[in-house]
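Subject: Structure handover

Hi,

Here is the structure for your set-up work. My notes follow below it.

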Amino acid sequence: MTVPNLESLRARFRGELIQPGDAAYEAARKVHNGMIDRRPALIARCTDVADVIAAVDHGRENRMLTAVRGGGHNAGGLSICDNGLVIDLSRMRGVHVDPAAREVRAEGGCLWGDVDHAAHAFGMATPSGTVSTTGVAGLTLGGGIGHLTRKYGLTIDNLLAVDVVLADGRFVTASEQEHPELFWAVRGGGGNFGVVTSFLFRLHPVKMVQAGPTFWPLEQTRQVMKAYREFIARAPEDVSGFMAFLTVPAVPLFPEALHGRKVCAIIWCSPGSADQFEAATKAMRSVGKPLLDHVGPMPFPALQGLFDPLLPAGLQWYWRADFVNELGDEAIAKHLEHASRLPAGLSQVHIYPINGAAHRVGAGDTAFAYRDATFALVIVGVDPDPTNAKTITKWCKDYFDALHPYSAGGAYVNFMMEEGQERVQAAFRDNYTRLAAVKKQYDPTNFFRVNQNIRPA
Ligand SMILES: Cc1cc2nc3c(=O)[nH]c(=O)nc-3n(C[C@H](O)[C@H](O)[C@H](O)COP(=O)(O)OP(=O)(O)OC[C@H]3O[C@@H](n4cnc5c(N)ncnc54)[C@H](O)[C@@H]3O)c2cc1C
């Protein structure tokens with residue numbers, strides 16, 4: 001694994017260049033998913049845009065397979081590669097809030113916790129995901145689904161501009177006004193088009209939220225899911241709640257009597273007032289006989305960080321996903337059957353509502369193609385013990401196979417493993433052809449191919 005012309009890169013690079021044998025190498029090659037074990041020839045940990053340009057030039061000129069790392073959360077491990085170059089942005093985590101303009105600029109290596117923290121000081125937030133350690137870059141480039149989606153849209157619906165280093169080393173800004181096709185493509189098309197060194201987002205007045213879980217016994221799944229599908233179709237956009245199946249973790253946050261119990265749940269978040277939340281959700285939260293209903297006011301960043309301690313880096317992860325239009329009775333029966341086999345521990349299933357504001361953007365307006373889907377389903381096998389990797393993977397695949405016939409056909413790219421070209425095309429539907437044309441324009445040699453790859457037309 002010798003790196004060609006390393007000295008010429010060293011001469012124009014300010015960050016760290018980490019190779020096998022260096023003290024920092026073992027930690028630097030780890031990503032969030034402990035199942036991923038790849039050994040790059042060089043990790044170029046950039047400090048600024050100039051470093052990113054130098055690294056892209058080096059990868060291209062020396063024909064190195066090149067991966068780009070933001071937060072490192074991609075479960076398929078698409079931010080790291082064997083024997084190639086990793087352009088690592090984890091030191092580029094600057095955030096700048098402009099409270100008067102209601103905008104935030106985040107560098108390409110930021111985690112969502114960085115942005116939430118900075119914006120919260122001004123009583124604002126932008127829609128992101130549900131876990132604060134997730135990278136801004138990967139989540140945004142795939143679309144961005146989270147607690148604020150119903151109210152304020154996907155993360156990309158709040159993206160105003162990106163700075164990008166292209167495959168040929170050029171630096172451009174893309175927005176509605178400049179490089180509009182590139183701007184269209186990065187809103188959902190993933191890291192296919194260049195290294196995004198900064199993101200500019202619109203902010204909204206979100207400070208305190210009403211949040212927390214309602215848990216029901218798994219046996220009440222049918223009743224709860226049927227009520228939920230009616231509820232979420234009509235719920236005010238101020239209110240969001242995603243459905244989940246999980247095993248109650250043995251942590252002080254939950255009563256001891258529930259520890260280890262498999263439940264059907266809704267995890268709530270509403271940026272509205274407590275009274276509005278109560279009025280909108282009372283009937284749903286009273287369906288059947290809940291085991292726990294623990295909702296109250298909390299700062300938005302506290303909600304975003306709530307589950308971080310349960311999901312540290314290094315766990316085994318295997319997930320599969322699909323978009324879903326309807327939760328029909330047959331699908332609900334399959335959910336109950338497979339959720340009953342939830343492996344012990346941290347494995348879970350999430351069904352995120354993506355109606356509301358996200359539906360008001362057209363399927364062709366951004367690269368994110370499933371604007372008509374009501375839910376994003378993700379089945380997540382998680383376990384700290386590598387010897388359980390096979391068990392969680394099999395449970396996840398069986399669950400997915402049973403539910404796929406009831407899906408809209410494709411998945412959210414950020415919830416996919418490496419599943420082949422057919423699944424990539426299914427994820428982009430009618431937008432794939434246009435994405436392939438943009439790819440041809442901005443990355444004709446497919447230099448950026450460690451991703452859910454769009455091949456140049
Ligand atoms: C615990 C956990 C919770 C999650 N919760 C949510 C959620 O609530 N909502 C949601 O939408 N998703 C969620 N995700 C999925 C998440 O969006 C994806 O895993 C995403 O790929 C993570 O982005 P990252 O920057 O951390 O990933 P990375 O692994 O660093 O990168 C992912 C992909 O993006 C590319 N990339 C990274 N940085 C850049 C850049 N600066 N420029 C160009 N390309 C780049 C990489 O090459 C790679 O292909 C979650 C994931 C985990 C593990």
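The ligand lies between two domains, because domain 1 (15-88) and domain 2 (95-205) both give residues to the shell around it. Those domain bounds come from an automatic or database domain assignment.

A caveat on the source: this is a predicted model, where local features need pLDDT of at least 70, side-chain atom pairs count only at pLDDT 80 or more, and totals for chains, interfaces and linings use all residues. Residues are numbered from 1 along each chain as its sequence is written.

The ligand shell:
- 35 residues surround the ligand (C-beta atom, placed from the backbone, within 6 Å of it).
- The closest are G70, G71, G135, G138 and G191.
- By type, 14 are nonpolar, 20 polar and 1 charged (Ala, Val, Leu, Ile, Met, Phe, Trp, Tyr, Cys and Pro count as nonpolar; Asp, Glu, Lys and Arg as charged; the others, Gly among them, as polar).
- β3 (66-69), α5 (136-142) and β9 (195-202) each supply at least two shell residues.
- α5 gives the most, with 5 residues.

The protein chain has 14 helices and 17 strands (DSSP runs numbered from the N terminus: helices are H or I, at least four residues; strands are E, at least two).

The C-alpha trace spans about 65 × 50 × 40 Å along its principal axes. Buried residues make up 53% of the 457 residues (buried: 20 or more other C-beta atoms, placed from the backbone, within 10 Å of the residue's own).

Regards

Note on methods:
Buried ≥ 20, exposed ≤ 12 C-beta atoms within 10 Å, placed from the backbone.
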